[in-house]
Amino acid sequence: MAAWSPAAAVPLLRRIRGLPLHCAQRMFASQTEGELKVTQILKEHFPRATAIKVTDISGGCGAMYEIQIESEEFKEKRTVQQHQMVNQALKEEIKGMHGLRIFTSVPKH
């Protein structure tokens, strides 16, 4: 593996020039602050969830998220009711978002 050098970073830095800092940071972090915050809130509201995945689909700016959550709490509820549960859990965070994609499911046994 080649050693890192400042010259190797030049092409990357040229690509991110002009982006807001928090968007540029997304290229270097595994999860954004927003993703971590939304994930934590969902874990608190859905303690029986077997899978929670939150992805910032706005390029790391926090304007739009995609949420995938699998939980027993959704059992015997229509999809619209499941989505309402997620929206209720995130009602304060949603105020600062432009969009939200929600995918819910019940674990298969």
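This is a predicted model: local features need pLDDT of at least 70, side-chain atom pairs count only at pLDDT 80 or more; totals for chains, interfaces and linings use all residues.

Biologist: How many bridges join strand 1 to strand 2, and do they run parallel or antiparallel?

Modeller: Seven bridges, and the two strands run antiparallel. Ile52 is part of the picture too: its bridge partner in strand 2 is Ile69.

Biologist: What does Ile69 stand opposite in strand 3?

Modeller: Thr104. Strand 2 and strand 3 are joined by seven bridges and run parallel.

Biologist: And what is the strand order in the sheet?

Modeller: The order is 1-2-3, in an open sheet of three strands with mixed pairing. Strand 1 (49-56) and strand 3 (99-105) are at the edges. Each has a single partner strand, so one side of each has no neighbour in the sheet. From one strand to the next, the twist averages 10 degrees.

Biologist: OK, zoom out. How many helices and strands are there in the protein?

Modeller: Five helices and three strands. Along the sequence the pattern reads α-α-α-β-β-α-α-β. The protein has 109 residues, and 30% of them are buried.

Biologist: What share of the contacts comes from residues 24 or more positions apart?

Modeller: 53%, counting contacts with a separation of 6 or more.

Biologist: Which strands does helix 3 lie across?

Modeller: Strand 1 and strand 2. Helix 3 runs at about 155 degrees to strand 1. Helix 4 also packs on the sheet, where it touches strand 2 and strand 3. The direction of helix 4 makes about 125 degrees with that of strand 3.

Biologist: Stay on helix 3. Which residues in it are buried?

Modeller: Glu35, Val38, Thr39, Ile41 and Leu42. Down the helix axis, the buried residues of helix 3 fall within an arc of 165 degrees, so they line one face.

Biologist: Which exposed residues does the face turned away from that buried side carry?

Modeller: Glu33 and Glu44.

Biologist: How far does helix 3 reach from its first C-alpha to its last?

Modeller: 19 Å, over 13 residues. That is close to the 18 Å expected at 1.5 Å a residue.

Biologist: Now the core. How many residues are in the largest nonpolar one?

Modeller: 14 residues. Those with the most contacts inside it are Val38, Leu42, Phe46, Ile67, Ile69, Val86 and Leu90. Helix 3 (33-45), strand 2 (64-71) and helix 4 (79-89) each supply at least two residues of this core. As a rule, in soluble globular proteins nonpolar side chains tend to be buried together.

Biologist: Take Leu42. What does it touch?

Modeller: Leaving out residues up to four places away in sequence, Leu42 touches Ile52, Val54, Ile67, Ile69, Val86 and Leu90.

Biologist: Next, Tyr65. Buried or exposed?

Modeller: Buried: the relative accessible area of Tyr65 is 5%, and the cut-off for buried is under 20%. Tyr65 lies in strand 2.

Biologist: What does Tyr65 touch?

Modeller: Quite a list. Not counting residues up to four places away in sequence, Tyr65 touches Gly34, Glu35, Val54, Thr55, Asp56, Ile57, Met97, Gly99, Leu100 and Arg101.

Biologist: And how far apart in space are Tyr65 and Ile102?

Modeller: 8.4 Å, C-alpha to C-alpha. In sequence, Tyr65 and Ile102 are 37 residues apart.

Biologist: Change of topic. Where does Lys75 lie?

Modeller: In the loop between strand 2 and helix 4. Lys75 counts as partly exposed, at 46% relative accessibility. The C-alpha atoms of Lys75 and Pro107 are separated by 8.7 Å, and these residues are 32 apart along the chain.

Biologist: What about Glu76: buried or exposed?

Modeller: Exposed, with a relative accessible area of 78%. Glu76 also lies in the loop between strand 2 and helix 4.

Biologist: What is the phi of Glu76?

Modeller: Positive, about 65 degrees, although Glu76 is not a glycine. For background, most residues other than glycine have a negative phi.

Biologist: Great, that covers my list. Thanks.

Methods:
Residues are numbered from 1 along each chain as its sequence is written. Side-chain values use heavy atoms; hydrogens and water are left out. A nonpolar core is a set of buried Ala, Val, Leu, Ile, Met, Phe, Trp, Tyr and Cys residues joined through side-chain atoms within 4.5 Å. Buried means under 20% relative accessible area, exposed over 50%, partly exposed in between (1.4 Å probe, protein chains only). Helices (H or I, at least four residues) and strands (E, at least two) are DSSP runs, numbered from the N terminus. Contact means heavy atoms within 4.5 Å. The expected span of a helix is 1.5 Å times one less than its number of residues. The arc is that of the directions from the helix axis to the C-beta atoms. Two strands pair if DSSP finds at least two bridges between them. Axes are lines fitted to C-alpha atoms, for helices over the stretch in contact, and angles run from 0 to 180 degrees between N-to-C directions.
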